[in-house]
Amino acid sequence: DFIEKGKIMVYQINILMYVFSLVFLILLESTFLAGENSSEQKAFRSVFHYAYILFVSQIAWNVLDGRIFEGASIVNYVLCGISAAATTMCSFKWFCYYERLTNPKKNFSLIHNILVLIPLVAFIALIATSFITKWIFYIDDNNFYEKGTQPWLYILTSCFYLILVIVCALISVRKKVSIAEKKRYVIVACFSFIPLIAIGYKVFDHTNLSISQLCIVLALTCVYVNIQQQKITRDALSNLNNRFSFEKYLDDVILQYPENREPISLILIDVLNFKKLNDNFGHVEGDILICDIAAKLKKLCSSKKCFLARYSGDTFAIVSIGMLTSEVSDFKETIKKSLEKNDNNKKYEIKVLLSSKSYEMQLKNTKEFIQKTLAQITEDKAKIKTENNAAKLETK
């Protein structure tokens, strides 16, 4: 009697947790993710949809587990099969979200899609035949769910794509030099560990108390919070860091400067006559130009230890750490050549002005550092204007 009462209590707790998790995820998706239609957001929402199937099947299974009625064993097998398949699909859709997060505009080849789907099809086949093999799970004579004879197969079916995401993310961390990119991949890898903990617990736990739904909810909530944080810290047009994240990053770097005496340089890039370009060719063309410049700068900065942001309308900021003055000068020249090169057959020429300052201890704070660099770019603009006026007078 004591054991039976314990089982009933566990099932009741499981049902309450699944109902709470289901309601919470529905509210999270409908309230906070409404209108999100980018490719990575669609992939993220599909994880929610399979989580719904998982939670509903688990609620039904906890209600019917151990109850004897006509066809009870078949119903229980179907519910457990749906639950195991939904867990695997959540893992697979998490991998799809990772791919879209890292390659939002890439069209994956047919061969790539087939290779990605092969493990999923194999796992679904294992789950579907579990009532014969009893490898993943089986239902005993009293209509109770029992763990399969090969528990490692359950871990493999449920965790394969999660482990794949962690491995890919950690490899990307090693390849990326940009601090912002590294942080992004580390976050993805950390979030993938949360469901792994739940699945591992379920395999080795003997109380049948499920914590998987809480871990899934926690992981999805963490991703949602990260998405919202990115919206606050990212520039909507260029998809670069915005002014807020730039100033916060610079604050953190300068705060660490007394302990880490690596040289800090701030490079500001200004597009000359950008207003005139907007007036002549329209704001749409101006937006295209900003995006092109952002893409080129991102490519150039990915090979350097630097932080890239869109500071204001046509002004971009780069914070480099560890680069000597001569290296900064060479980097500026490389940037100038790359941005002014007309490789898209544009009807207009692009001219950019780059100014830089190295951080000095006597500067009081971040704002003063930025203001000094902005003053330098204003001074350089004035020089260019004076030289242009002088050239016009000579021509006359």
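**Notes on the predicted model**

1. F48 is buried, at a relative accessible area of 0%; buried means under 20% relative accessible area, exposed over 50%, and partly exposed in between, with a 1.4 Å probe and protein chains only. F44 also counts as buried, at 0% relative accessibility. Both residues lie in helix α2 (residues 39-64). They are 4 residues apart, about one turn of the helix. Helices (H or I, at least four residues) and strands (E, at least two) are DSSP runs, numbered from the N terminus.

2. Some ground rules. This is a predicted model, in which local features need pLDDT of at least 70 and side-chain atom pairs count only at pLDDT 80 or more, while totals for chains, interfaces and linings use all residues. Residues are numbered from 1 along each chain as its sequence is written, and side-chain values use heavy atoms, leaving out hydrogens and water.

3. Aromatic pairs. A search of the whole structure finds 17 of them. Rings of Phe, Tyr and Trp (its six-membered ring) pair if their centres lie within 6.5 Å; planes under 30 degrees apart count as stacked, over 60 as edge-to-face and the rest as tilted. F44 and F48 have ring centres 5.2 Å apart and planes at 85°, so this pair is edge-to-face.

4. W61, Y77, F131, F137 and Y145 are linked into a cluster by ring pairs. The charged end of K134 sits over the ring of Y138, 5.4 Å from the ring centre. The test for that is NZ of Lys or CZ of Arg within 6 Å of the ring centre and within 35 degrees of the ring normal.

5. The main core. The largest nonpolar core has 64 residues. Such a core is a set of buried Ala, Val, Leu, Ile, Met, Phe, Trp, Tyr and Cys residues joined through side-chain atoms within 4.5 Å. L25, F44, F55, W94 and L220 have the most contacts inside this core. Elements that each supply at least two of its residues include α1, α2, α7 (179-204) and α8 (212-233). Helix α3 gives the most, with 15 residues.

6. F55 in detail. Leave aside neighbours within four places in sequence. F55 is then in contact with Y18, S21, L22, L25, Q213, I216 and V217. Contact means heavy atoms within 4.5 Å.

7. L266. This residue lies in strand β3 (residues 264-271). L266 counts as buried, at 0% relative accessibility. L266 and T373 are 107 residues apart in sequence, yet 7.3 Å apart in space, C-alpha to C-alpha. Beyond four places in sequence, the contacts of L266 include F246, V319, F369 and T373.

8. Strand β4 (residues 306-312) and strand β5 (residues 315-321) pair in the antiparallel sense over 6 bridges. Pairing requires that DSSP finds at least two bridges between the strands. The two strands form a hairpin with 2 residues between them. R310 stands opposite F316 in β5. Of the 7 residues of β4, 6 are buried, so the strand is largely enclosed by the rest of the structure.

9. Salt bridges. How many does a search of the whole structure find? There are 7 salt bridges; each is a side-chain nitrogen of Lys or Arg within 4 Å of a carboxyl oxygen of Asp or Glu. R45 forms one with E29, the closest N and O atoms being 3.3 Å apart. This pair links distant parts of the chain, with R45 in helix α2 and E29 in helix α1 (residues 2-32), 16 residues apart. E29 is buried, with a relative accessible area of 8%.

10. K248 pairs with D252 in a salt bridge, with closest N and O atoms 3.6 Å apart. Both lie in helix α9, 4 residues apart. K248 counts as partly exposed at 47% relative accessibility, and D252 as partly exposed at 35%. K336 and E340 form another salt bridge, with closest N and O atoms 2.9 Å apart. Both are in helix α12 (residues 325-340), about one turn apart. K336 is partly exposed at 29%, and E340 is partly exposed at 22%.
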